[in-house]
Amino acid sequence: MDQNLSFSTPQRQSPVAILLVIVNAVWSVLKQLWPFLIILLIGKRGGNFDTYFLIVSLVITVFSTIYSVIHYFRIYFYITDQELKYRSGLLSDKQLAIPFDKIQSVHFEQNILHKLFKVKKVIVDTAGSATQEFKIEALAD
């Protein structure tokens, strides 16, 4: 970790988070549209279907990218004497203040992209919660 980084003031994720979120968004779109991509590549029927499909796919990808970039600028986290604070939200504002004694686990993950850019994903779980409390997509090593 960067020795000059102070978690007592609101911090953003590493700028690499934008790239990681965009890659995840595009991957998610591709996973949902793969049957149509196969039909598009194999079946040469002609007509307007191919054009409409490409336009819709492009629009979805562009909106996912714009959302990802805006969302990056709306996530802040910092540590006080008693708790971990996290603020996010695009259409609504989500603020969490998690006392240290309620934090059950902190997971650090690194896939190949994280390793390439020397960042880690941080996932915080609290006691009594069935799902993760929040995650930071890219925190500098």
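User: To begin with, how many helices and strands are in the chain?

Analyst: In this predicted model, the chain has three helices and six strands. Along the sequence they follow the pattern α-α-β-β-β-β-α-β-β.

User: What share of the residues is buried?

Analyst: Of the 141 residues in the chain, 28% are buried. The accessible surface amounts to about 9,500 Å², and carbon and sulfur atoms account for 63% of that surface.

User: And the contacts: what percentage join residues at least 24 apart?

Analyst: The figure is 42%, taken among contacts between residues at least 6 apart in sequence.

User: Let us turn to the sheets. What is the strand order in the sheet that contains β1?

Analyst: The order is β1-β2-β3, in an open sheet with antiparallel pairing. β1 and β3 each have a single partner strand, so one side of each is left without a neighbour in the sheet. On average, neighbouring strands of this sheet are turned by 10° against each other, direction ignored.

User: How many bridges join β2 to β3?

Analyst: Six bridges join these two antiparallel strands.

User: How many bridges does β5 share with β6?

Analyst: Strand β5, residues 119-126, is joined to β6 by five bridges, and the two run antiparallel. V119 stands opposite A140 of β6.

User: What about K118; where is it found?

Analyst: K118 is in the loop between α3 (112-117) and β5. The phi of K118 is near 55°, a positive value in a residue other than glycine. As background, most residues other than glycine have a negative phi.

User: Is K118 buried or exposed?

Analyst: K118 is exposed, because its relative accessible area is 59% and the cut-off for that class is over 50%.

User: Changing topic: how many salt bridges does a search of the whole structure find?

Analyst: The search finds three salt bridges. In general, side chains of opposite charge can pair when their charged atoms come close.

User: Which residue does D93 pair with, and how far apart are the closest atoms?

Analyst: D93 forms a salt bridge with R74, and the closest N and O atoms are 3.5 Å apart. D93 lies in the loop between β2 (83-88) and β3 (94-99), whereas R74 lies in the loop between α2 (49-72) and β1 (76-79), so the pair ties together parts that are 19 residues apart in sequence.

User: How accessible are D93 and R74?

Analyst: D93 is partly exposed at 43% relative accessibility. R74 is also partly exposed, at 29%.

User: Which residue forms a salt bridge with E83?

Analyst: The partner is K85, with an N to O distance of 3.4 Å. K85 is partly exposed, with a relative accessible area of 24%.

User: And which residue does E137 pair with?

Analyst: E137 forms a salt bridge with K135, where the closest N and O atoms are 3.3 Å apart. E137 is buried at 9% relative accessibility, while K135 is partly exposed at 32%.

User: Which side chain reaches the backbone nitrogen of E137?

Analyst: The side chain of Q13 does, at 2.6 Å. A polar atom of the Q13 side chain also lies 3.3 Å from the backbone nitrogen of A138.

User: Where is Q13 placed, and is Q13 buried or exposed?

Analyst: Q13 is in the segment before α1, and it is buried at 5% relative accessibility. Leaving aside neighbours within four places in sequence, Q13 is in contact with Y72, I75, F77, I136, E137 and A138.

User: Finally, where does Q11 lie, and what joins Q11 to T9?

Analyst: Q11 lies in the segment before α1 (16-42). A polar contact of 3.1 Å joins the side chains of Q11 and T9. Q11 counts as buried because its relative accessible area is 16%, and the cut-off for burial is under 20%.

How values were computed:
Residues numbered from 1 in each chain as written. Predicted model: local features only at pLDDT ≥ 70, side-chain atom pairs only at ≥ 80, totals over all residues. Heavy atoms only, no water. Helix = DSSP H or I, 4+ residues; strand = E, 2+ residues; numbered from the N terminus. Buried < 20%, exposed > 50% of the residue type's maximum accessible area, 1.4 Å probe, protein only. Polar contact = N/O pair within 3.5 Å; in protein donor to acceptor, adjacent residues only side chain to side chain. Salt bridge = Lys/Arg side-chain N within 4 Å of Asp/Glu carboxyl O. Contact = heavy atoms within 4.5 Å. Pairing = 2+ DSSP bridges. Areas by Shrake-Rupley, 256 points an atom, 1.4 Å probe, with all protein chains shown as cover. Axes fitted to C-alpha atoms, helices over the stretch in contact; angles between N-to-C directions.
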